[in-house]
Amino acid sequence: MALKDVKPTRSELINLKRRVKLSERGYNILKMKRDGLILEFFKVLEEAKGSRDAVGDKYERAQQMIALANTIEGAIGVKAAAMSVREKPQLTLKQKNIMGVVVPEIESSKVQKNLAERGYGVLGTSAVIDETASAFEELVDEIIRAAEIETTMKRLLNEIESTKRRVNALEFKVIPELKEASAFIKMRLDEMERDELVRLKKIKAKSKA
């Protein structure tokens with residue numbers, strides 16, 4: 001706010017003081033929101049670390065099982081079992097609110113199936129196919145969970161950055177400028193009041209003379 005554009009009037013001073021109070025209140029609210037979001041972010045970050053480790057472990061197991069299944073059943077047998085699966089996983093995308101931030105909530109069904117639901121013949125395959133299927137189903141389940149957690153973490157981080165920018169703008173620009181303008185008006189009003197007193201004294205002195 002350029003001081004040359006400030007009108008040195010009492011009404012403007014009152015208006016500026018009101019804006020300072022509103023800005024300080026908004027600053028305190030945003031600071032509390034920022035701090036709350038940071039706490040939530042670190043909670044989700046811990047979940048994300050656990051989820052990443054789980055995805056890595058389940059991926060490794062799934063790769064081991066597919067290698068074993070290829071060895072025992074052969075690549076054609078594994079592909080035939082995979083192609084026989086009819087039902088695909090169903091995902092439902094919902095939303096939840098974390099301190100004003102809308103984040104995804106993913107519900108999945110038909111990921112982990114029983115033997116009857118997988119579609120391949122039980123008599124025509126060995127137990128290793130079942131274990132391989134289970135390993136990949138568990139991996140898909142964990143990937144879905146990881147996707148929800150990672151997206152939540154990114155959205156929280158974006159909101160934290162946005163809130164931090166607003167907090168900094170209020171703390172280092174808006175509020176100081178409003179206070180500076182208020183101080184300038186007060187100084188000008190005091191000067192005008194002193195000038196008026198001097199003028200009145202001169203008029204009074206002339207009247208007596």
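## Basis of the model

In this predicted model, local features need pLDDT of at least 70 and side-chain atom pairs count only at pLDDT 80 or more, while totals for chains, interfaces and linings use all residues. Residues are numbered from 1 along each chain as its sequence is written, and side-chain values use heavy atoms, with hydrogens and water left out.

Helices (H or I, at least four residues) and strands (E, at least two) are DSSP runs, numbered from the N terminus.

## Helix 1 and helix 3 together

Helix 1 covers residues 10–83 and helix 3 covers residues 127–208; their axes come within 3 Å and cross at roughly 165°. This makes helix 1 roughly antiparallel to helix 3. Axes here are lines fitted to C-alpha atoms, for helices over the stretch in contact, and angles run from 0 to 180 degrees between N-to-C directions. Angles under 35 degrees count as roughly parallel, over 145 as roughly antiparallel, 65 to 115 as roughly perpendicular and the rest as oblique.

The crossing of helix 1 past helix 3 is left-handed (the near helix is turned anticlockwise from the far one by less than a right angle; clockwise would be right-handed). In the contact of helix 1 with helix 3, 42 residues are nonpolar, eight are polar and 26 are charged. Ala, Val, Leu, Ile, Met, Phe, Trp, Tyr, Cys and Pro count as nonpolar, Asp, Glu, Lys and Arg as charged, and the others, Gly among them, as polar.

## Bends and spans

Helix 1 has 74 residues, yet its end C-alpha atoms are only 81 Å apart, short of the 110 Å that a straight helix would reach at 1.5 Å a residue. The expected span is 1.5 Å times one less than the number of residues. At E73, helix 1 bends by about 105°; a bend at a residue is the angle between axes fitted to the seven residues ending there and the seven starting there.

Helix 3, with 82 residues, reaches 119 Å from its first C-alpha to its last, close to the 122 Å expected at 1.5 Å a residue. Helix 3 also has a kink of about 45°, centred on L170.

## Residues along helix 3

A169 lies in helix 3 and is partly exposed at 34% relative accessibility. Buried means under 20% relative accessible area, exposed over 50%, and partly exposed in between (1.4 Å probe, protein chains only). A169 and Y27 are 142 residues apart along the chain, and their C-alpha atoms are separated by 9.3 Å.

I203, also in helix 3, is partly exposed with a relative accessible area of 39%. V140 is another residue of helix 3, partly exposed at 35% relative accessibility. From V140 to T152 is 12 residues in sequence and 18 Å in space, C-alpha to C-alpha.

## Strands 1 and 2

M99 sits in the loop between strand 1 (90–98) and strand 2 (101–109). M99 is not a glycine, but has a positive phi of about 50°. At 37% relative accessibility, M99 is partly exposed.

Q95 belongs to strand 1 and is exposed, with a relative accessible area of 63%. The C-alpha atoms of Q95 and I106 are separated by 8.2 Å, and the two residues are 11 apart along the chain.
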